[in-house]
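The sequence and structure come first.

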There are 2 protein chains.
Amino acid sequence: MAFLAIDAGSAAQVPLSMLVIFASAKLLAEVFERLGQPGIVGEILAGVIVGPHVLGWMAPNDVLRILSDLGVMFLLFRVGLEVKPAELMKVGGTAFVVALAGVIVPFLMGWGISAAWGQPRIESIFTGAAMVATSVGITAQVLASRGLLQTRAARVILAAAVIDDVLGLIVLALVSSLARGSISYLDIALTAVLALGFTVFVAKFGARTVRRYMPRVQNNMVLAEGQFALAMTLLFALSLLAIYAGVAAIVGAFLAGMALSEAVDRRVCDLTNGVAELLVPFFLAGVGLHLELSNLTDRSTLMLAGLILAAALVSKFIGCGLGAIGMGRTDALRVAVGMVPRGEVGMVVAQIGLRMGVMAASVYGIVVFMSVATTLIAPPLLKLAFRSAPAAAGPAAAGPEDQGMVRLG
Amino acid sequence: MAFLAIDAGSAAQVPLSMLVIFASAKLLAEVFERLGQPGIVGEILAGVIVGPHVLGWMAPNDVLRILSDLGVMFLLFRVGLEVKPAELMKVGGTAFVVALAGVIVPFLMGWGISAAWGQPRIESIFTGAAMVATSVGITAQVLASRGLLQTRAARVILAAAVIDDVLGLIVLALVSSLARGSISYLDIALTAVLALGFTVFVAKFGARTVRRYMPRVQNNMVLAEGQFALAMTLLFALSLLAIYAGVAAIVGAFLAGMALSEAVDRRVCDLTNGVAELLVPFFLAGVGLHLELSNLTDRSTLMLAGLILAAALVSKFIGCGLGAIGMGRTDALRVAVGMVPRGEVGMVVAQIGLRMGVMAASVYGIVVFMSVATTLIAPPLLKLAFRSAPAAAGPAAAGPEDQGMVRLG
């Protein structure tokens, strides 16, 4: 049955990839929860363990990439559903300072260390750019799972992460032009205006528009689950527009959730939860799966990796902490820790550098290591920083003791 | 920003594919429901319309293939959750006769017509084999959406479709060996035993095992949504084992759902519904998207296509109807109509024939046309056939008037 074997191979890819990643992520989440650690760390670590460098059961593939893209999209959408735009706007000023300081300090520190180590100029600048990224998904998942999305610190983190994405885009545009040897300030200004325009416009007017038109459309629909169909359509449309505007799809997903936060029933939240429960582990384990250790062999590279990791932690911590100092020490600490994980965003910048040929494979490995490591370190620190915060009595607080997974409604 | 444009292209593929397919499927489902037609026909037709032959907005791609694979997996899993194994076993005898007659009559008729038309021998046999397939997903979705899964005819259809999958596998194995010129009866017997053994074993002992061990595992878990995590793990594991045993992943998915039907809470059904609501449209529109008309140009091919389509309708109708005649005329009619859609299963057989080089592109086009057409024709006929059936008072009957989408629990 040669043809069956061949067909089984390709047909088996979907369930095989899903079984290995999902089951190992959930198993390790269970183990970590039992040890009193955030389950999310177990899920990321599951990717590292089944990945190429430990057990070698699973390598990144198309199925996992697509499910991971969808997973982080639904993660941010679900978080958006719990956040009212007005509340985010209120902390906009603080968030902007946090985001800006959280971009400048890591960028300069990464660049400086890399240059002092004797790396080429463009490579050093790219390393700095990769340190700018913030993976809001990781922090959002931790906060949502503990019912803390309604705290002031959580709102500042979410708003700052969105702004950070726009600033990161500008930094990346600048750095890439530098690498190509020609900077077009007009292009960069246009990029910035488009990205900022899209984000501010949707955040400001999205909810109002949805509240106004959604009930009308919905009341005229005969289709079952029509509201969910409308919500999904908005999610995909805004994710797509976000990409065309230059920001990440997840910014669009978050804005879509936020726009819908005051307009949808509990039923939509329940259905969304189902999708997120299934797909988020693929995003988390996917971060771990991409860990690339094959170039981290000699002592000098390892030392630089350690230094870059320390700088990644310290620079975001100092930058964002100082930016948020006006909120008081406790909240500033929380914001600072919440901005630490680089996750998939740091990796994307490194991949661009690698593809442009301005980043050596060893430096790529260092940046990916830094991205995964900050992502693993942040959740336990977040747990500590938010130790004294009571779970908010918002719609998310159905189970304040509920750890590891978000429950909405 | 050349690099951004490039990145936007690949990053945009996921939300772009999802937006076009999901939104058009739901839009046409809404239109069809308003016209009093099954929404499912609109969803399949949406794939035809946005596909290469009408608007040309979307061609089959990896994202859509993976989401479609997952969609039909979750469709059958959700149906399985509503079916108790004992109830299926009770109709096993009738279902076997229905499946067998529904394999033999279409096979001989397809082969005969194709041979009489002057097609090569192997190609004719392959055409016959493609007519054997039954796409249970289409019928199951129609019945589930109308709360009819608990009717006797629905149970016979589900059981017969599972048996049909095993019989179809044996036919395909035979036909493929013929095409390669060497038949190993031992191999085919082993294939049959393995496929049959897996299906019967899981159907018979799956539910008992799950009822016994699931509560123990679950009560020891600290993870939130632990039951859903266990259910998903079983779903992926049985889908994978099904493929290794030679049957389709959806048979494993259906068996997983059935094994869990007496062991899971409503919460698991709700979360599963969310996934299915999102993904099933990708399966349905995906069937339409694969319609291949470019070889259906000359008169002779078109006539053969019409003839094959008529034979596909009549042969399943007669074969399955006669097989079910012991149930009385009304139920026999329902079963006969329910087994008509060929959907994705017919296409898979044609693809194997095409890849093995024994099926011409024009005949491939005919088989795909037949698969899509039977799938579009069956839902309205099903609606008619089940006109007089009251929606069962089972767990699915939360909304008996609820059309177009399944609601569980």
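The crossing of α5(B) and α6(B) is right-handed; a crossing is right-handed if the near helix is turned clockwise from the far one by less than a right angle, and left-handed if anticlockwise. Helix α5 covers residues 92-116 of chain B and helix α6 residues 121-132 of chain B, and their axes come within 7 Å and cross at roughly 145°. Axes are lines fitted to C-alpha atoms, for helices over the stretch in contact, with angles from 0 to 180 degrees between N-to-C directions. Helices (H or I, at least four residues) are DSSP runs, numbered from the N terminus. From α5(B), the residues that meet α6(B) include Val103(B), Pro106(B), Phe107(B) and Trp111(B). On the side of α6(B), Arg121(B), Glu123(B), Ile125(B) and Met131(B) are among them. Two residues are in contact if their C-beta atoms, placed from the backbone, lie within 7 Å. By class, this contact of α5(B) with α6(B) divides into 11 nonpolar, 5 polar and 2 charged residues. Here Ala, Val, Leu, Ile, Met, Phe, Trp, Tyr, Cys and Pro count as nonpolar, Asp, Glu, Lys and Arg as charged, and the others, Gly among them, as polar.

The model is predicted: local features need pLDDT of at least 70, side-chain atom pairs count only at pLDDT 80 or more, and totals for chains, interfaces and linings use all residues. Residues are numbered from 1 along each chain as its sequence is written, while chains are lettered from A and ligands numbered from 1 in the order in which they are written.

| Helix pair | Axes come within | Crossing angle |
|---|---|---|
| α5(B) and α6(B) | 7 Å | roughly 145° |
| α3(B) and α11(B) | 7 Å | roughly 30° |
| α3(A) and α12(A) | 6 Å | roughly 130° |

The angle makes α3(B) roughly parallel to α11(B), and α3(B) passes α11(B) in a right-handed crossing. Angles under 35 degrees count as roughly parallel, over 145 as roughly antiparallel, 65 to 115 as roughly perpendicular and the rest as oblique. Residues of α3(B) in this contact include Val72(B), Leu76(B), Phe77(B) and Arg78(B), and those of α11(B) include Ile250(B), Phe254(B) and Met258(B). The contact of α3(B) with α11(B) has 14 nonpolar, 2 polar and 1 charged residues.

In chain A, α3(A) and α12(A) are oblique to each other, with a left-handed crossing. Among the residues that meet there are Leu67(A), Phe74(A) and Arg78(A) in α3(A), and Cys269(A), Asn273(A) and Phe283(A) in α12(A). This contact of α3(A) with α12(A) has 16 nonpolar, 5 polar and 1 charged residues.

Between the chains, 59 residues of chain B are in contact with 59 residues of chain A. On the side of chain B, α1, α3, α8, α9, α10 and α12 each give two or more residues, and α1(B) gives the most, with 17 residues. That side has 36 nonpolar, 11 polar and 12 charged residues.

Chain B can be laid on chain A with an RMSD of 0.0 Å by a turn of 180° and a shift of 0.0 Å along the axis. Copies are superposed by least squares on the C-alpha atoms of residues with pLDDT of at least 70 in both. The relation is that of a two-fold axis, and 100% of the contact residues of chain B recur in chain A.

The predictor gives the complex an ipTM of 0.86 and a pTM of 0.87. Chain A averages a pLDDT (the predictor's confidence in each residue, from 0 to 100) of 86, and 93% of the residues score at least 70. Over residues 1-7 of chain A the pLDDT is below 50, and this stretch has 6 contacts beyond near neighbours in sequence. Residues 393-409 of chain A also have pLDDT below 50, with 51 such contacts.
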